[in-house]
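Trainee: I am new to this one, and I would like to walk through it with you. Could we take it a question at a time?

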Amino acid sequence: MFGAVGVLLLMAVSFGVGNIVLTHLLGPSRKGEVKGTVYESGMNPIGSARRRFNVRFYIVAMTFLLFDVEIVFFYPWAATFTKLGGPEGDGLAGMFLVRMLFFLLTSVIAFTYAWRKGVFRYD
Amino acid sequence: MPTIADKLAGLWPEIVMLLGAVACLAAGLSASARTRRLTPWIAGGTMALAWIFALWTGIDADHPLGLGGVVTYVKCLVLVLGLVLLLVCAGVPEGLKQTAAAEGARFDPGLSVRGEFYFFFLLSITGVMLTAGATDLVWLFLALELTSLPTYVMIAMTRDRTVAHESAVKYFFLGALSAAMFLYGFALIYGATGFTEFGPIRDAVAVSSETGLSDPSPLMLMGIVLSVLGLCFKVAAVPMHVYTADVYQGAATPVTAFLAVVPKVAGFAALIMVLHLLGLDRLPEPVLYLLGAIGVLTMTVGNVLAFVQTNLKRVMAYSSVANSGYMMLGLMAGLGVPGNALGNGPAAVLFFLLAYGFGSIGAFAVIAALAAQRSPDGADHTDATGVADDLEYDDLAGLWWRSPVLGGVMLVSMLTLVGMPPLSGFMGKFFLIGGVLNAGFYGLVIVLVINSAISAGYYLRIAMLTFFGESSSAPAVILPEGRRGPRVVGAVIAGIAGLLIGGLPGNSVVRNAREAFEPVPAPASAEPETVQAAADESTASAPAVARSQAAGLADAVPTP
Amino acid sequence: MTPTLIPWIPALAAATIGLISLFRSEWNRFAGALCAGAIGLSFVLTLWLSSSVGSGVVESGFYDWISFGSGDNAFHAGFSWFIDPLTVVMLLVITGIGGLIAVYAHGYMKGDPGYWRFFAYVALFIFAMTTLVMADNLLLLFLGWEGVGLCSYLLIGYYYEKPKAVAAAKKAFIVNRVGDFGFLLGIFLCYQHYGTLQISTMLEGARETLAAVAHGHGAVTATDVWIPFLLMVGAFGKSAQLPLYMWLPDAMAGPTPVSALVHAATMVTAGVYLIARCLPLFELSPYALPTVATVGAVTALFAATIALVSNDLKGVFAYSTVSQLGYMFLGVGCLSTDGAVFHLVTHAFFKALLFLTAGSVMHALAGQLNIQTMGGLRHKMPVTCWLMFAGCLALAGVPLTAGFFSKDLILGDALAYAVDHGSVLFFALTFLGVVTAFLTAFYTFRLWFTVFMGEEKFEMGDEHHAADDHAGDHADEADAAHDDHAHDAPHEMPWSMNGPLVVLAAGALLAGLVLHFTGGIEHAVQHSTAAVFVDAAHSQHAGDPAGDHGGEHHAYFLGVDAHVFMQVLSSILAVAGVVLAAFVFWMKREIADKAAARFDKLIRFARHEYCINEICDAAVVLPLRRLGALFYAVDRLIINSVMDLMGGLPRWLGMGVRPAQNGRIQSYGLTMVLGVALLAVLVLVATGG
């Protein structure tokens, strides 16, 4: 029973390790000061934290996050939806469809709002 | 087990509110300037429609705590107050420098905040309505956050001053701290009982056969205590009151009026629900101690701090704290004898909220309609509408002689907050004190009365200043028509309501508040199951009650 | 609905005038018309109402004023009306005379800076007074009672820049408070005893008790005995009877139309109305009505003697008002309610007339009040002269004038009562009344002859009564005489002011005749709450169940019917008084001067009101003042310092707590968390305990 888990674990570890090893072997090795610094999503990690920065980056990031998380939400719904309508389901498929459509509607509203506010105009 | 559809049926008012909020958002960003100007009207129409829906859906007879009446009452209450608040708040985003920039030659949707303001306004009120209607701890938590989150944004965006942002950040962080607190409490309640639904939680709490009081497990008790303390933030009670003055002062005055009323209604609705998990009629001694201590500390701290203040918004902030203290005592008074309004503490709280709401809104609306002349030291002293709205006592001097309408509203508001007999505040305090007396807490009544006397010290000072005061410098001027928006109308409505519901219409509101708690739980010595059964049985007559209640509230409160 | 409108139309007018003054001060000049119009409308409504009342009772509710409790403990006091013929008579007097006076005042007050204020007060007064007489319960009656007291205070102190007027207003208010205190206690006792304040229910209860006592079962309780005495105190205060009369002469500091309306025709008769309305309650106590009658008769004589020597034009009429009110109390005291009410009506006519004509004289002489400086004014003011003559005839009780019939009805009834009961007391009181009747005729015509007859002389007063400053304002009224102040000569009043006086004069001369022969008042009173009982009482007291119904008293004095006897006697006395006055003050003034010189001390003593004010000061005011000083010291030294301490406490506390509000979010968070921890520990301790 746990064999499958073991296999999965093995695959995951080897995928990770293999990738690192492969990049090390195949990639060009150009080291520099900038490349060596900590990755902070494009921000310069050195210096005062109180300096001003362009807020657009975060807006785009947040918008992305929003829709990304929504997609995560879709997955379990899609996975169980067929069962809800099936013989062992409660016959609630319609209700669940409406709920998801409502959820989608809120996302669409949020998307339209962001659009209208000019969030996607990166200039 | 109610189905989703059944649950949705009771939520029509909230659905209306949400749709209206989205409509506001859309209208505020519309390309047509005329549509944009319609936004506040949409907000008002939405609330009126939601009110009709709230009356139409009536009382939920299957409310797990038997508090279906309270739900409807609070929804109507907050919508009525919300309509008056809208009058006071309308014009705030329109007056922002930012809006002026956005509404330039070409409309810039990125700068405009008009749609957002009314959107958040409606969302926050929706939050209160959902709080009242909550039947589940998770729902309750989300609804409370829905109430609070929009207010943070409203504070930050309605004033062209850094101090507003400071207020918003303070409010946000401390609000998060308090939310963590009551969330922890909810978690403990879940841990103690294994349920998040109100009904099963209530059934899981044992009742001592000896004293007839609830006998919760220590874990459950701690859960309740932390929830109550966390909710203290929403109602601005000790020890969570510290933010009040700073935040109220930092926000634009109309938004301050909103802060003084709406979260408080949500907080007390939530407190009533949470405490009724143990049974408002049979609260165990430790909880009574807690409520008593919070109440006494809150009213005393609020009053003495207000006493030494000279800044009007800070005075009103501490007055808001003190009033929460009075109401806290009402929560411990128990439900009294069925059919008798005098002695039902929580019902008195529900009525007091209305009286306090109109008194506060009236006072804030008057302050919002004035502009100080005293501090001409530049931009930092002007608010969203480009005027100095941080009024001191001196600014009110002789207001009556310059504007009898505003002076009169200020007078009525102050007198109603003091609790002067013909006014609504008197009836509120009368029923509160009656309830606490009935429950036998004589010491607390004495403290309450002494505190009322202290509060008269600053309320009456304001009232007197509006008549006889002489200012050493130039007193505040009344904003011109274009800049004050419909604030004066809001002030007048609040004043008239404060006057009227002290009289005959107040009786019907009191009756509604009392009926909201009927059916009264069966005698405390009974087994929990019996209690629930009895409650269910007597809720059967609820629709009739709902009808009369709806009619009564409609009579009592004048609609703008 | 009609009954409700009668008081509320003037109330609405008062409110409108007040609002106009606040927001549209340029419309202030309409105040007089508005006030007079409202009162006139009320009068018309009263006429309409009187036809529907007939000889029955109309009960009508307006709204539930006070209502609480349920079952046996319920207490209700409605803003609701009880209207019987007695009420209708009162309403006619109030709105009728009030309307006429308002028309007169429209001219009299013209140009006064407080013009609108005056009419707002007057309209408010009419509201309070009509409420008083229409009330169906004692509480509402008391509301009206206090309302008229308030308006009286405001109107006496109308010239508030004059210290004398302010002092008089205060005096009136305070003396009335003494009376109201008694009245209020009486109301409490009534509620205690009857469990209600509905007048009709209380009277029903009183009648039942009385019937039971008459039939030998049941007894009069101590409460029954006390209630009338307490109510009486209120009535004496409002109607200026001994010993609470002293505010009324001072009250003449108000504008003259006020003296006519409030302090002669209407408000001061409220006491008479109260006793008439509650007669059964008074009948329960064997001593109550004799007390009322005694106080009335003694006051009548007492005030008449002062009026005899007073040199103040309005003062004479003020004392005569006190004296005439004494007659009315004598009337109710001997169960002659019809006589009292009859006199009330006729007195309203002629006294209003007298005051208003006196006001005209005063107006013309720029505030001069001393009659010794006047003489022979008949040439300058012929109309006023003869109008006042009509009023004087009525007041003196010269045969066939109004005062003659009403006064004789009272005296005749008093005599009949004395004969019926063989009461020495009532014989004595009747005698006092007769003496007073003679004195009345004498002092009335002393005044008239002094002012209007003899050689012409006058001195202008020092206060130009507003008119000259604003003479230009109404010069266009084709009324050149009105501007005469500039020439320092008295002038006749315009017809806009004399018009109402002519109506009043007609009333003063003819009302008695009409009412006497139509029996209007007897009819009205006999169908009111008061008289239904009066008949029964008469029959009981006379021990003659068959007697007395129908009104005629068959009491004989010296072989003559008491009423006829009294009519003849007082006719003789009235004429004798007039003739004597004419002789002394017109034909041979030197006699008057000689007499004045001889009785100088006595006259001065009398003019000084027999030192009543001083005695009152020494007996009541001074001890109270001392007590007040003592309390004041205690208050300053002990209570005040304690209060200062308590008042300071919140301040110190606040200062102590204030540093916690330092604006730093970290410390706020810390405070919150610490507070939560502390309270959680508290709960823990509580659980453990």
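Trainee: How many helices and strands does chain B have?

Mentor: Good place to start, and keep in mind that this is a predicted model. Both kinds of element occur in chain B: its strands number two, and its helices number 24.

Trainee: What percentage of the residues of chain B count as buried?

Mentor: A residue is buried if 20 or more other C-beta atoms lie within 10 Å of its own. Chain B has 560 residues, and the share of them that counts as buried is 65%.

Trainee: Which orientation do helices H6 and H8 of chain C have, roughly parallel or roughly antiparallel?

Mentor: Helix H6 (residues 163-194) of chain C packs against helix H8 (residues 222-238) of chain C with the axes 7 Å apart, at an angle of about 150°. Angles over 145 degrees count as roughly antiparallel. Therefore H6(C) and H8(C) are roughly antiparallel.

Trainee: Is the crossing of H6(C) and H8(C) left-handed or right-handed?

Mentor: Residues in this contact include Val175(C) and Phe183(C) of H6(C), along with Trp226(C) and Leu230(C) of H8(C). By class, the contact has twelve nonpolar, eight polar and two charged residues. As for its hand, the crossing of H6(C) and H8(C) is left-handed.

Trainee: Where helix H13 of chain B meets helix H25 of chain C, how many residues of the contact are nonpolar, polar and charged?

Mentor: The axes of H13(B), residues 285-308, and H25(C), residues 612-657, come within 8 Å and cross at roughly 95°. Angles of 65 to 115 degrees count as roughly perpendicular, so H13(B) is roughly perpendicular to H25(C). Among the residues making the contact are Val304(B) and Phe307(B) on one helix and Leu653(C) and Met655(C) on the other. By class, the contact has nine nonpolar, two polar and one charged.

Trainee: Which helix has the lowest mean pLDDT among the elements of chain C?

Mentor: Chain C as a whole has a mean pLDDT of 82, with 90% of its residues at 70 or more. Yet pLDDT stays under 50 over residues 465-487 of chain C, and it is also below 50 over residues 531-553 of chain C. Where pLDDT is low, predicted coordinates should not be read in detail. Helix H4 of chain C has the highest mean, 92, while the lowest, 44, belongs to helix H21 of chain C.

Methods
Residues numbered from 1 in each chain as written. Chains lettered and ligands numbered in written order. Predicted model: local features only at pLDDT ≥ 70, side-chain atom pairs only at ≥ 80, totals over all residues. Axes fitted to C-alpha atoms, helices over the stretch in contact; angles between N-to-C directions. Helix = DSSP H or I, 4+ residues; strand = E, 2+ residues; numbered from the N terminus. Parallel < 35°, antiparallel > 145°, perpendicular 65-115°, else oblique. Contact = placed C-beta atoms within 7 Å. Nonpolar A, V, L, I, M, F, W, Y, C, P; charged D, E, K, R; others polar. pLDDT = per-residue confidence, 0-100. Buried ≥ 20, exposed ≤ 12 C-beta atoms within 10 Å, placed from the backbone. Left-handed = near helix turned anticlockwise from the far one by under 90°.
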